[in-house]
Amino acid sequence: MLRRQLLRAVRTTELAETAGCSRRCVAASLPEPTAEAGPNLPPFDHTPAPYTGPSKAEVYGLRRQFLSPAMFHHFKDPLMVVEGNMQYLYDETGRRYLDAFAGIVTVSVGHCHPRVTAAVMQQSKLLQHTTTIYLHPEVAQYGKELTDRMPGNLKVAYFVNSGSEANDMAIMMARLHTGNYDILALRNAYHGLSESTMGLLGHHTWKPNVPQGFGVRHLMNPDPYRGMLGSDGKAYAADAKAVIESATPGQVAGFVAETIQGVGGTVELAEGYLPAVYQMVRDAGGVCIADEVQTGFGRTGSDYWGFQNAGVQPDIVTMAKGIGNGLPLAAVVTTPEIAATLARRLHFNTFGGNPVCAAGGRAVLQAVDEDGIQANAAKVGAHLKEALLELQQRHDIIGDVRGRGLMLGVEMVRDRATKEPAGPETAQVMERLRHLGVLIGKGGLYGNVFRIKPPMCLTIADADFLIQAMDLALSEL
Ligand SMILES: Cc1ncc(COP(=O)(O)O)c(C=O)c1O
């Protein structure tokens with residue numbers, strides 16, 4: 001262990017000296033020693049480029065001085081990552097980490113996936129920007145290829161730049177198309193941080209005290225673990241009906257939900273809820289919007305889209321994050337009838353469908369298909385979930401293990417009967433995992449749910465490494 005640290009220190013010194021760094025800079029960039037030997041990362045054939053930029057301390061100083069103080073970072077001692085390759089990230093010292101959170105569920109097919117990188121580079125050399133005032137082959141072909149992957153009559157795509165923008169647009173479409181105003185959303189949901197999506201989301205932690213989300217009614221969350229009505233999807237749907245009857249004119253514009261809540265802590269909606277609510281919403285004149293920002297592109301393993309797991313067919317689907325594998329790309333896909341209502345006025349988005357992002361988005365679709373990403377999410381996700389359930393048998397602090405494919409959640413509680421959230425313990429394990437070489441996410445209203453949503457090229461060996469590290473970190477609590 002000591003030898004490994006010494007070797008790393010020598011290597012870091014060499015790299016830093018090449019970069020003309022001071023001794024202080026070298027010390028600041030040394031990897032933190034681990035308290036004891038942990039499991040070994042699976043072997044991986046990639047050597048990161050020597051890092052020659054400013055030290056981590058300098059970067060942190062610049063960020064604190066010149067960037068918004070509202071930004072938060074993971075870990076007491078923030079991690080600086082300077083390179084990525086498939087399911088791994090590298091810090092400035094060249095240390096490798098298993099990325100089990102994918103830049104918040106965004107890197108779908110792998111960091112710097114060769115196919116995506118090549119497509120982006122090739123298009124960047126030809127033409128980087130046009131806007132939709134001119135024709136461009138990439139965006140037109142991308143529209144076809146994306147909608148080819150949608151079931152039913154979801155055949156028209158609008159490209160935008162972020163999930164918030166996609167959801168803003170979906171809400172506007174629902175209102176324009178139905179002529180109604182009220183929108184139903186779920187407590188514990190997350191749909192973005194624009195003014196209107198902030199109103200949709202259901203977490204006080206993300207809501208500054210400003211006017212937001214006019215006409216949004218929040219429904220009881222059909223959370224099988226913590227929800228007031230247990231796992232009875234029909235009972236939660238009855239609440240939705242009561243809200244329509246009591247808090248709206250009886251007519252609604254639409255209903256929006258993630259098919260598995262992401263930021264809210266990987267919450268799968270109670271069985272039977274979505275089909276029942278979709279029917280009620282349609283009976284009340286509204287349309288149904290599926291937010292697939294986290295659940296799309298095969299992540300749930302069993303289907304390409306999360307809503308297919310629930311057996312529903314939405315009228316509008318929003319997508320972002322995994323769609324671009326890290327490129328600023330998002331989309332709204334809907335039916336020709338709903339799309340037609342938006343055409344009553346001009347619509348324009350400067351960067352939406354940008355040729356570089358469109359080329360990258362097309363390459364993501366090809367990588368999902370050619371790399372067997374969905375099948376891998378099903379196989380490795382099932383293996384991981386089984387191992388997590390086994391960990392739950394041995395660690396009382398694990399209250400619940402849930403999710404599908406490579407969208408998994410582990411809820412930590414101090415007492416399985418009272419379900420008292422174990423927030424500080426979750427943070428402690430997350431810190432320890434970082435030192436063991438695993439980057440994991442956390443979420444949920446009480447910050448007590450581990451979110452395991454890695455790039456979907458994760459292997460069985462990676463999953464086993466993650467479990468060994470988690471077992472060790474939990475045993476140390
Ligand atoms: C389900 C869901 N919808 C929408 C968004 C907003 O996306 P963006 O941050 O790209 O605006 C997020 C972001 O985390 C999300 O998880």
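This is a predicted model: local features need pLDDT of at least 70, side-chain atom pairs count only at pLDDT 80 or more; totals for chains, interfaces and linings use all residues.
1. Ligand shell. The residues that surround the ligand are Ser162, Gly163, Ser164, Asn167, Tyr190, His191, Gly192, Glu258, Asp291, Val293, Gln294 and Lys321. By class, this shell divides into two nonpolar, seven polar and three charged residues. Helix α7, which spans residues 163-178, supplies the largest share of the shell, with three residues.

2. Polar pairs at the ligand. The backbone of Gly163 places a polar atom 2.9 Å from an oxygen atom of the ligand. On its own the ligand has 390 Å² of accessible area, of which the protein covers 84%.

3. Position of Thr259. Thr259 is located in the loop that connects β7 (254-258) with β8 (260-261). Its relative accessible area is 9%, so Thr259 is classed as buried, the cut-off being under 20%.

4. Surroundings of Thr259. Leaving aside residues up to four places away in sequence, Thr259 touches Leu269, Leu274, Asp291, Glu292, Thr295, Gly306 and Phe307. Two of these neighbours are joined to Thr259 by polar contacts between side chains: Glu292 at 3.1 Å and Thr295 at 3.2 Å.

5. Link between the two regions. Asp291 is one of the residues that Thr259 touches, and Asp291 is also listed in the shell around the ligand.

Terms used:
Residues are numbered from 1 along each chain as its sequence is written. Side-chain values use heavy atoms; hydrogens and water are left out. A residue is near a molecule or strand if one of its heavy atoms lies within 4 Å of it. A polar contact is a pair of N or O atoms within 3.5 Å; within protein, one must be able to donate a hydrogen and the other to accept it, and residues adjacent in sequence count only if both atoms are side-chain atoms. Accessible areas come from the Shrake-Rupley method with a 1.4 Å probe; for residues, only the protein chains shown count as cover. Helices (H or I, at least four residues) and strands (E, at least two) are DSSP runs, numbered from the N terminus. Ala, Val, Leu, Ile, Met, Phe, Trp, Tyr, Cys and Pro count as nonpolar, Asp, Glu, Lys and Arg as charged, and the others, Gly among them, as polar. Buried means under 20% relative accessible area, exposed over 50%, partly exposed in between (1.4 Å probe, protein chains only). Contact means heavy atoms within 4.5 Å.
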